[in-house]
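Here's a quick briefing to read alongside the coordinates. Have the viewer open and follow along topic by topic.

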Amino acid sequence: MALEKLDVYWPILILMAFGALLVVGALIVSKIISPQKPTELKRQAYECGEDPVGNAWALFNMRFYVIGLIFIIFDVESALMFPVVSVFKKMNEIGRGGLVLVEIVIFLFVLIAGVAYCWRKGDLDWVRSFQTPDKEKES
Amino acid sequence: MNETIVTYFAKFEWYKSLVKALTETFGFNAEPLMVFLFFFLASFIVVNVMALVGGLGTYAERKISADLQMRMGPNRVGPYGLIQFLADGVKFIMKEGIIPKSADTFLFTLAPILCLVGVLGSLTVVPYSSGFILSDLDIGLFFLIGISSLVGLGIFLGGYASNSKWAMLGGMRAAAQIISYEIPVVISALSCVLLAGGLSFTTLIEAQTGFPQGWFIFHNPFTFIGFFVFFVGGLAETNRAPFDLPEAESELVSGYHTEYSGMRFAFFALAEYIEVFVVAGVAVALFLGGYNVPFGLGGDGILGQFLQLGAFFSKTLVLYYVVIWFRWTLPRLRVDHLMTLCWKYLTPIAIFNLIGTGFWLYGFEGKSLFELLFKSGAAATGGGH
């Protein structure tokens, strides 16, 4: 065997180092050969030509936080799916496919129940209405 | 498993004799050094080719858009304007890199680095041919999904660190979009893992054949839909039109890179074009047969490797063309439609596809639709896999 156990991870390290070096190197070269004349106006944040009002690091729409929460739940569940799914073929060949399939379905049922719950609560709507569905129909 | 480019070269006599000669000259075991050197060279080639792909991607984007809008496109720099991207690069590097006064300088510079590092890291497991895959990790697909999240982080960080309202809105949208669309992408990729029974890209591709009837996209109706879910989700993950909400110029000026100029902006663009290639390449590897060549032409030698490279790149570039074509054909989505499409349509469809594929495999003992329809035909062509 030509490779030690951890040698297969070398390319990841090398490529990521290349990526970082490429950016840093280009920035250094750019710093040397490009003009550097910062002025107050040039360094203002862009706000369509007006003077910037306040700070952009302000309170933000809650929808993004809710989307983030839903994503974490789904992402953990799909990460847990990986091992089950990758042994399915072998289990199917030795006749235990049904067992794995039932496991997958039960697991996905939890996911589906999660989607259904969020859907019912209106968390999947970007512009969430606080009206009841009946009132919405009238208006 | 864990095939790498080095294990491919290690099969040849010249590699062994080279290692032996070096060991005798240096007086210590030269094998680890050779392994590192080969990985370094191969990675160097990949980075350069991919920078070329990214550069030519910007050229192709302009040329194809010009074609679709009956214009000429770039045609002054070099033959057919082919080296336009080099001229752009020179222009970018000569530009003053402006950092806004109110911005977080460190994060502002870190953002493009994270983007490029994430994209280049994901190139490790992209299978170009059976021999030329930098490192075919056992957890290839899992690794790819994990490391490509760095791009989303970089984009969000860029938007946040700028401390500009447009950039902040763009970054927030990008983060919400990228994480949302990851769910349908992962779940539809899982149905391919069901069929192949492994996460490494070699396993996934060897389970398919050179001809379309053996590709996973035509394996059963569920994977057929799954391919489109994967492709749409992948498009949204790279922030390409019609999902380019994070940089919607009609509402957000330029989105997350409003404050970026010069080289820092150039690396965001480069990362985006390489990521389109990665997404197209992964879609080819998972659903469209990857590097498989009909009848296994060319065998295991160098000729076969080049044929496989040709097969992989031609399929990937066709998808690349489709991505650019979409951008200049379809109008942009509205932000609430974007979230509706992801959570109310693509995610349930992807879950349904996964369960459907599982039942198909269990019910038909892993046979594809083609094998079920033409049982005698499969026998006549030698059965394949």
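A quick definition before we start: a residue is called buried if 20 or more other C-beta atoms lie within 10 Å of its own, with the C-beta atoms placed from the backbone. Keep in mind that this is a predicted model.

**Chain B overall**

- Chain B comes out with 16 helices and zero strands.
- Its C-alpha atoms fill a box of roughly 65 × 60 × 40 Å along the principal axes.
- The radius of gyration of chain B is 22 Å, which agrees with the value near 21 Å that a compact globule of 385 residues would have.
- Of the 385 residues in chain B, 54% count as buried.
- If you take the contacts in chain B between residues at least 6 apart in sequence, 78% of them join residues at least 24 apart.

**The nonpolar core**

- The largest nonpolar core has 147 residues, and those with the most contacts inside it are B:C115, B:L116, B:A283, B:L286 and B:F287.
- Helix 8 of chain B is the top giver here, putting 22 residues into this core.
- What does B:C115 touch, leaving aside its neighbours within four places in sequence? Its contacts are B:V151, B:G154, B:I155, B:F267, B:F268 and B:A271.
- As background, nonpolar side chains tend to be buried together in soluble globular proteins.

**Helix 7 of chain B**

- Helix 7 covers residues 149-162 of chain B, and at 1.5 Å a residue its 14 residues should span 20 Å; the end C-alpha atoms are 20 Å apart, so the two agree.
- Is this helix enclosed or open? Twelve of the 14 residues of helix 7 of chain B are buried, so the helix is largely enclosed by the rest of the structure.
- The buried residues of helix 7 are B:L150, B:V151, B:G152, B:G154, B:I155, B:F156, B:L157, B:G158, B:G159, B:Y160, B:A161 and B:S162.
- The cover over those buried residues includes helix 5, helix 6 (140-147), helix 8 and helix 12 of chain B.

- Most residues other than glycine have a negative phi.
- B:N163 isn't a glycine, yet its phi is positive at about 55°.
- B:N163 follows helix 7 of chain B and sits in the loop between helix 7 and helix 8.
- With 21 C-beta neighbours inside 10 Å, B:N163 counts as buried.
- B:N239 also has a positive phi, near 60°, and its place is the loop between helix 10 and helix 11 (249-252) of chain B.
- B:N239 counts as buried because it has 25 C-beta neighbours inside 10 Å.

- B:F222 belongs to helix 10 (residues 221-237) of chain B and counts as buried, with 22 C-beta neighbours inside 10 Å.
- Beyond its neighbours within four places in sequence, B:F222 is in contact with B:S191, B:N353, B:G356, B:T357 and B:W360.
- B:F222 and B:R327 are 105 residues apart along the chain, and their C-alpha atoms are separated by 27 Å.
- Over in helix 13 (residues 302-327) of chain B you'll find B:K315. Is B:K315 buried or exposed? It counts as buried, since B:K315 has 21 C-beta neighbours inside 10 Å.
- B:K315 is in contact with B:V284 and B:L288, leaving aside its neighbours within four places in sequence.
- From B:K315 to B:E272 it's 43 residues in sequence and 19 Å in space, C-alpha to C-alpha.

**Where chain B meets chain A**

- How many residues does each chain bring to the contact? Chain B brings 73 residues and chain A brings 63 residues.
- The elements of chain B that give two or more residues to its side include helix 1 (5-9), helix 3 (31-68), helix 8 (165-196) and helix 14 (335-363).
- By class, that side of chain B has 45 nonpolar, 19 polar and nine charged residues.

**Confidence in chain A**

- Chain A has a mean pLDDT of 79, with 87% of its residues at 70 or more.
- Confidence in chain A is highest in helix 1 (residues 10-33), at 87, and lowest in helix 4 (residues 133-138), at a mean of 52.
- Where pLDDT is low, the predicted coordinates should not be read in detail.

Note on methods. Residues numbered from 1 in each chain as written. Chains lettered and ligands numbered in written order. Predicted model: local features only at pLDDT ≥ 70, side-chain atom pairs only at ≥ 80, totals over all residues. Contact = placed C-beta atoms within 7 Å. Helix = DSSP H or I, 4+ residues; strand = E, 2+ residues; numbered from the N terminus. Nonpolar A, V, L, I, M, F, W, Y, C, P; charged D, E, K, R; others polar. Rg over C-alpha atoms; globule rule 2.2 N^0.38 Å. Core = buried A, V, L, I, M, F, W, Y, C linked by C-beta atoms within 7 Å. Expected span 1.5 Å × (residues − 1). pLDDT = per-residue confidence, 0-100.
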